[in-house]
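Reader: Hi! Could you walk me through this one with me? I'd like to go through the side chains piece by piece.

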Amino acid sequence: MNLEKELLKRSDSTCELCGNTENLDLYTYENFPGDISEASFMICSVCKEQFEDPEKVVPNHWRCLNDSMWSTVPAVQVTAFQMLSRLKNEGWPQDLLDMMYMEEEIKTFAKSRMVSKENTT
């Protein structure tokens, strides 16, 4: 089975961040400390656009991380951590960050891949 089919099955054909079922794409972190299925997840076009472009972030869209931050998929955890960190000035994301658990190696990776307005301007 190819990776995309495997992840569509794992995710029940939904975005592993927000649960959207439309416009799904495979997202993979390069140089991830794990196998390819741990480094990859299904993401919808809405999440992907906002994740990749800090200028397009709609904070309330990311309230979905309240659920997806508990995913057992390391790449989903990394993305949740990065988005919550980016949004922590909103207030509610900081509470989620305080509760979130990640293996130290995965957290270190997440911090090394942070995307912020400072990095893009």
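Reader: Where is Gln 50 found?

Author: Gln 50 sits in helix H2; helices here are DSSP runs of H or I with at least four residues, strands are E runs of at least two, and both are numbered from the N terminus. This is a predicted model, where local features need pLDDT of at least 70, side-chain atom pairs count only at pLDDT 80 or more, and totals for chains, interfaces and linings use all residues. Residues are numbered from 1 along each chain as its sequence is written, and side-chain values use heavy atoms, with hydrogens and water left out.

Reader: Is Gln 50 buried or exposed?

Author: Gln 50 is buried, with a relative accessible area of 5%. Buried means under 20% relative accessible area, exposed means over 50%, and partly exposed is in between, using a 1.4 Å probe and protein chains only.

Reader: Which backbone nitrogen lies 2.8 Å from a polar atom of its side chain?

Author: That is the backbone nitrogen of Val 58, 2.8 Å from a polar atom of the Gln 50 side chain.

Reader: And which residues is Gln 50 in contact with, leaving aside neighbours within four places in sequence?

Author: With those neighbours left aside, Gln 50 is in contact with Lys 56, Val 57, Val 58, His 61, Trp 62 and Arg 86. Contact means heavy atoms within 4.5 Å.

Reader: Which residues touch the most other members of the largest nonpolar core?

Author: Trp 62 is one of them, along with Leu 17, Tyr 29, Phe 41, Leu 65, Val 78 and Leu 84, in a core of 33 residues. A nonpolar core is a set of buried Ala, Val, Leu, Ile, Met, Phe, Trp, Tyr and Cys residues joined through side-chain atoms within 4.5 Å.

Reader: Which elements give two or more residues to this core?

Author: Those are S2, H2, H4, H5 and H6. H4 gives the most, with seven residues.

Reader: Let's stay on H4, then. How many of its 13 residues are buried?

Author: Twelve of the 13 are buried, so H4 is largely enclosed by the rest of the structure. Among the buried ones are Val 76, Gln 77, Phe 81, Gln 82 and Met 83.

Reader: What do the buried residues of H4 pack against?

Author: They pack against S2, H2, helix H3 (65-68), helix H5 (92-99) and H6.

Reader: What span should H4 have at 1.5 Å a residue?

Author: The 13 residues of H4 (residues 74-86) should span 18 Å, and the end C-alpha atoms are 18 Å apart, which agrees. The expected span is 1.5 Å times one less than the number of residues.

Reader: Nice. Changing topic: how many aromatic pairs does a search of the whole structure find?

Author: Six. Rings of Phe, Tyr and Trp (its six-membered ring) pair if their centres lie within 6.5 Å; planes under 30 degrees apart count as stacked, over 60 as edge-to-face and the rest as tilted. Tyr 27 and Phe 51 are an edge-to-face pair, 5.7 Å centre to centre with 80° between the planes.

Reader: Why does that pair tie together parts that are 24 residues apart in sequence?

Author: Because Tyr 27 lies in strand S1 (residues 24-28) and Phe 51 in helix H2 (residues 45-52). Tyr 27 is buried at a relative accessible area of 14%, and Phe 51 is buried at 3% relative accessibility.

Reader: What about Phe 32 and Phe 109?

Author: They are also an edge-to-face pair, at 4.8 Å centre to centre and 75° between the planes. Phe 32 is in the loop between S1 and strand S2 (40-44) and Phe 109 in helix H6 (residues 104-112), 77 residues apart. Both are buried.

Reader: Which residues form the aromatic cluster?

Author: Tyr 27, Tyr 29, Phe 32, Phe 41, Phe 51 and Phe 109 form one cluster.

Definitions and conventions. Polar contact = N/O pair within 3.5 Å; in protein donor to acceptor, adjacent residues only side chain to side chain.
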